[in-house]
Amino acid sequence: MIDLHCHILPGVDDGSPDMETSLRLAQVAVDQGITHMLLTPHHMDGQYVNHKAAVMTKTEAFQNALDKSQIRLTVFPGQEVHITGELLQAIDQNDVLFADEGSRYLILELPHNEVPEYTSKMLFGLQSRGITPVLVHPERNQGFMQDPDKLYEFVSQGCVTQLTASSYVGVFGEHVQKFTEQIIDAGLGCVFASDAHNFKGRNFKMTQAFEKLEKEKGVRFAETYKENAKSIINGDDVIFGEIHHVQGKKRKKKLWGLF
Ligand SMILES: [Fe+2]
């Protein structure tokens with residue numbers, strides 16, 4: 001199993017504080033069946049800056065520590081890049097890490113409380129450079145919750161979505177869990193990742209999420225999510241089924257408004 005999003009690179013952001021914790025978290029990941037992991041410390045989110053070169057060096061050191069501890073996990077350098085006006089400049093300056101070596105998939109975070117006005121333009125700007133944005137945890141974004149049509153719009157324009165495993169199993173509460181299910185039902189989900197930060201709360205939960213997905217959507221559907229993770233890390237095409245609008249609050253309100 002591949003995990004495309006986690007914060008277990010030691011001492012770089014609000015995830016693991018030190019190497020010892022990181023090794024223990026890595027063991028949890030391995031116990032969950034994770035074999036490969038993209039390390040995605042926050043970058044340019046207004047709080048954390050983790051330059052490409054530094055992440056690469058630290059990832060190598062972490063891999064060495066994993067090997068020494070005989071933890072069978074392969075880690076790759078990555079970043080969770082926050083949407084910002086300086087993003088294109090950072091790409092031009094070669095300070096952004098992509099999910100794949102071919103610089104196709106960008107792990108992109110929006111603010112939690114909204115979908116900024118300029119998002120659509122920024123996504124288009126990225127896509128016109130041949131970059132496919134991977135929108136992380138849309139199920140936790142209040143802007144998408146209020147207007148799920150925006151998510152439909154971005155996916156229909158070619159963006160990929162990464163749902164967080166723990167959201168799907170209820171770690172962030174019923175509301176987020178329900179919205180995750182709605183996104184999946186609408187065909188607007190593409191891949192699961194852990195976004196693991198620590199032992200309590202934001203842990204891996206990948207096994208639990210896949211068990212639930214298999215039960216609710218079938219084995220083949222769950223396999224597609226796993227294959228998509230592999231495709232993203234390899235820079236290949238992902239598989240989306242048919243997509244629909246999320247049956248969210250806004251659309252219901254509109255209907256009431258008509259009558
Ligand atoms: Fe994250």
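Visitor: How many strands form the open sheet, and in what order?

Guide: Strands of a sheet pair through backbone hydrogen bonds, either parallel or antiparallel. In this predicted model, three strands form an open sheet, ordered β1-β2-β4. The pairing is parallel.

Visitor: Which strands stand at the edges?

Guide: β1 (2-3) and β4 (74-77). Each has a single partner strand, so one side of each is left without a neighbour in the sheet.

Visitor: How many bridges join β1 to β2?

Guide: Two bridges join β1 to β2 (residues 36-39), and the two strands run parallel.

Visitor: Now the metal. Which residues coordinate the iron ion?

Guide: The donors are H5 (NE2), H7 (NE2), E80 (OE) and D195 (OD), at 2.0 to 2.3 Å. Their spacing in sequence is H-x1-H-x72-E-x114-D. E80 lies in strand β5 (residues 80-82), and D195 in the loop between β9 (191-193) and α9 (206-217), so this pair ties together parts that are 115 residues apart in sequence.

Visitor: Are E80 and D195 buried or exposed?

Guide: E80 is buried, and D195 is too.

Visitor: What are the angles among the four donor atoms?

Guide: They run from 82 to 167 degrees, and the site is irregular. A tetrahedral label would need all angles between 85 and 135 degrees.

Visitor: D195 also has a contact with R140. Where is R140 placed?

Guide: R140 is in the loop between β7 (132-136) and α5 (142-146). R140 is buried, with a relative accessible area of 15%; the cut-off for buried is under 20%.

Visitor: Which residues does R140 touch, beyond four places away in sequence?

Guide: H112, M145, S167, F172, V176, D195 and R202.

Visitor: Last, a helix. What should the 16 residues of α10 span?

Guide: At 1.5 Å a residue, helix α10 (residues 219-234) should span 22 Å. The end C-alpha atoms of α10 are 23 Å apart, which agrees.

Visitor: Which residues of α10 are buried?

Guide: An α-helix has 3.6 residues a turn, so residues three or four places apart point the same way. In α10 the buried residues are A222, T224, Y225, N228, A229, S231, I232 and I233.

Terms used
Residues numbered from 1 in each chain as written. Predicted model: local features only at pLDDT ≥ 70, side-chain atom pairs only at ≥ 80, totals over all residues. Heavy atoms only, no water. Helix = DSSP H or I, 4+ residues; strand = E, 2+ residues; numbered from the N terminus. Expected span 1.5 Å × (residues − 1). Buried < 20%, exposed > 50% of the residue type's maximum accessible area, 1.4 Å probe, protein only. Contact = heavy atoms within 4.5 Å. Donors = N, O, S within 2.8 Å, 3.2 Å for Na, K, Ca; no water. Tetrahedral: all angles 85-135°; square planar, octahedral: opposite > 155°, others 65-115°. Pairing = 2+ DSSP bridges.
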